[in-house]
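Here are my notes for a first pass through this one. Keep the viewer open and follow along point by point.

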Amino acid sequence: PAGAYVLEALDLATGRRAWQTVEVSPGGGIVELELELQPLGRVTGVAVPGDGSGHDCLETSTLAGWPVRLEVQPASGSPYPALSVLGMTGPDGRFEFEGVPSGRLALSIEDTSGLSGYLALELPPGETVCLVLGVGDSHPVSGRVWQAGAGGGAPHARVELLPGVAGGRA
């Protein structure tokens, strides 16, 4: 049908991806596109106590053996789920993810005591980013999701709390 679409390609063998928006016109002919798979990048950094300000990404820290999750978000409008990879900080508090597809990334860390940290960023194709992931206290949030006009709850709603992102995902 006519409308705006996102065409996304993912090479499952390499993790390389490409996407492009396309407009299909009513009664229009075949839309031909070429998608170029983008080179993979690298995410590296250090997890530090506190908000991370005043630290350099090449430092070391005492947060050894903490689980770090990297999520590669799909292109806006794509029905594909995020790709998720779990890593650990090394003995020096550092982490590294090789072969990361370009695009929107979310990096999170959490331990069993409730300390956690989160970063959202855009990884350009083939680039390396070096990050400081601050780790601090978590605070509980409670509430409900309901359907306006339906008078009932929304049992299948997905709820996320993302720091510093007003009006939805960045």
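**Notes on the model**

1. Let's start with Leu 33, which is partly exposed because its relative accessible area is 33% (buried means under 20% relative accessible area, exposed over 50% and partly exposed in between, with a 1.4 Å probe and protein chains only). Look for Leu 33 in the loop between strand 2 (17-24) and strand 3; helices (H or I, at least four residues) and strands (E, at least two) are DSSP runs, numbered from the N terminus.

2. Before going on, a word on the source: this is a predicted model, where local features need pLDDT of at least 70 and side-chain atom pairs count only at pLDDT 80 or more, while totals for chains, interfaces and linings use all residues. Residues are numbered from 1 along each chain as its sequence is written, and side-chain values use heavy atoms, with hydrogens and water left out.

3. Now for the charged pairs. Side chains of opposite charge can pair when their charged atoms come close. The whole structure holds three salt bridges (a side-chain nitrogen of Lys or Arg within 4 Å of a carboxyl oxygen of Asp or Glu). One of them joins Arg 17 to Glu 8, at 3.5 Å from N to O. Are these two partners buried or exposed? Arg 17 counts as buried because its relative accessibility is 4%, and Glu 8 is buried as well, with a relative accessible area of 16%.

4. Arg 42 is worth a look of its own. Its salt bridge with Glu 96 has the closest N and O atoms 2.7 Å apart. That pair links distant parts of the chain, with Arg 42 in strand 3 (residues 41-49) and Glu 96 in strand 6 (residues 94-100), 54 residues apart. Arg 42 is partly exposed, with a relative accessible area of 27%, and Glu 96 counts as partly exposed at 42% relative accessibility.

5. Arg 42 also forms a salt bridge with Glu 98, where the closest N and O atoms are 3.0 Å apart. Glu 98 lies in strand 6 and Arg 42 in strand 3, so this pair ties together parts that are 56 residues apart in sequence. Glu 98 counts as exposed because its relative accessibility is 55%. Shared partners join Arg 42, Glu 96 and Glu 98 into one network of salt bridges.

6. On to the rings: there is one aromatic pair (rings of Phe, Tyr and Trp, the last by its six-membered ring, pair if their centres lie within 6.5 Å; planes under 30 degrees apart count as stacked, over 60 as edge-to-face and the rest as tilted). Phe 95 and Phe 97 have ring centres 6.4 Å apart and planes at 50°, so the pair is tilted. Both Phe 95 and Phe 97 are buried.

7. How many disulfides does a search of the whole structure find? It finds one (a pair of cysteine sulfur atoms within 2.5 Å). Cys 57 and Cys 130 form it, with their sulfur atoms 2.1 Å apart. The torsion about their S-S bond is about 115°, so the disulfide is right-handed. This pair links distant parts of the chain: Cys 57 is in the loop between strand 3 and strand 4 (67-72), Cys 130 is in strand 9 (residues 128-135), and they are 73 residues apart. Cys 57 counts as buried at 15% relative accessibility, whereas Cys 130 counts as partly exposed at 31%.

8. Last stop, Ser 108, which sits in strand 7 (residues 103-110). At 26% relative accessibility, Ser 108 counts as partly exposed. Ser 108 and Val 68 are 40 residues apart in sequence, yet their C-alpha atoms are 5.8 Å apart in space. Leaving aside neighbours within four places in sequence, the contacts of Ser 108 (heavy atoms within 4.5 Å) include Val 68, Tyr 118 and Leu 133.
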